[in-house]
Amino acid sequence: MSQAPNSPLSTLSRRGLLAAGGAAALGTLLGACGGKDGGDPAAAEGGAWTFTDDRGERVALKAPPRRVVAYVGSAAALYDFGVTDRIVGVYGPAKRADGSRDPQVGEVPVDRLTIVGNAYGEFNIEKYAGLRPELLVDHVFVGKDLFYVPAESKEKIFALAPSLGISTGAVSLRRPIERYAALAAALGADLNAPKITQAKARFDKAAEELRAAARARGGLKVLAASGSPDLFYASNPGKNTDLIFFKELGVELIVPDKVSKEGYFEELSWENAGKYPADVILLDSRTQALQPKDLAAKPAWRDLPAVKAGQVVPWQPEPRFSYAGCAPILEDLAKTVRTAKKAT
């Protein structure tokens with residue numbers, strides 16, 4: 001199967017698997033996510049600690065975990081929700097080749113943490129064991145597989161500490177945000193802290209701004225896509241969590257009609273890149289995907305209506321699943337929808 005950089009499945013394929021608001025609202029959130037579906041926030045104060053993850057697996061510890069190792073996306077979300085003193089290590093794209101921090105790590109102070117692995121397939125078990133981990137946290141995009149845990153060494157990894165997965169695929173954006181908030185609360189974070197309630201208020205406002213912009217600009221066609229040297233990928237808004245939410249808010253996202261088995265995208269040869277004419281292209285901005293400057297040499301790319309109109313904007317298929325991480329994304333998309341011109 002070809003590697004598809006426009007969805008989390010691009011990494012999974014290489015693994016051989018695939019490719020309002022404020023305190024009151026957050027209190028409601030915890031009520032919805034606690035109990036049998038989550039953890040007991042009070043448990044973070046001491047005593048036994050439990051949390052049921054989105055794989056349906058219940059983690060039960062004698063005390064709240066204080067040494068957490070997480071996939072960079074998970075760490076970024078937890079950090080935004082106030083878990084700043086329990087994360088001791090990360091894995092996944094934390095630093096770029098030039099030594100700068102990768103955007104996927106968010107605000108996490110990676111220079112003060114141990115990086116267990118920085119790319120797909122990298123997971124130093126010896127380093128991981130040396131951290132004396134008490135909990136491993138990761139995204140779950142497909143089935144029950146933790147996103148960046150190498151399949152060939154997962155048994156050794158899981159033997160060192162309990163693991164916990166939060167579903168970040170085929171669900172609308174609010175769901176993983178709420179679940180990471182619930183986990184953060186269970187780990188002792190104060191969701192009533194001003195920084196967090198303000199971020200939620202900003203998120204809610206931005207969502208309504210996007211809804212209004214989409215309503216005002218009916219008929220504007222948007223395609224979420226990614227480019228590789230050999231293929232152009234059209235993403236399915238029924239699978240990517242952010243795209244699901246954008247569509248719920250009224251954004252007219254193009255739905256490819258011949259998606260892969262897993263349903264995340266359609267692979268198109270560059271000769272067929274114009275199959276879905278769009279007014280705006282949301283282009284995968286992650287490190288592994290080709291950017292406009294890289295694609296400029298391809299005639300098929302230059303001929304796309306959105307490219308001709310200069311209406312190609314960055315897209316992060318793996319957003320930070322927090323209010324702070326996603327509010328700017330909604331604001332930017334609302335501005336794009338308000339100002340874009342019809343190009344098809």
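We're looking at a predicted model, where local features need pLDDT of at least 70, side-chain atom pairs count only at pLDDT 80 or more, and totals for chains, interfaces and linings use all residues. Residues are numbered from 1 along each chain as its sequence is written, and side-chain values use heavy atoms, leaving out hydrogens and water.

**Exercise 1.** Work out whether H139 is buried or exposed, and find the side chain its own side chain makes a polar contact with.

*Solution.* Start with the relative accessible area of H139: 1%. Buried means under 20%, exposed over 50% and partly exposed in between (1.4 Å probe, protein chains only), so H139 is buried. Next, the H139 side chain makes a polar contact with the side chain of Y180, at 2.8 Å.

**Exercise 2.** Find which residues meet where helix 3 packs on helix 6.

*Solution.* First, place the helices: helix 3 covers residues 72-80 and helix 6 covers residues 174-186. Then pick out the contacts (heavy atoms within 4.5 Å): S74, A77 and L78 of helix 3 meet Y180, L183 and A184 of helix 6. Finally, look back at H139, whose contacts include S74 and Y180.

Technical notes:
Axes are lines fitted to C-alpha atoms, for helices over the stretch in contact, and angles run from 0 to 180 degrees between N-to-C directions. Helices (H or I, at least four residues) and strands (E, at least two) are DSSP runs, numbered from the N terminus. A polar contact is a pair of N or O atoms within 3.5 Å; within protein, one must be able to donate a hydrogen and the other to accept it, and residues adjacent in sequence count only if both atoms are side-chain atoms. Lists of a residue's contacts leave out its neighbours within four places in sequence.
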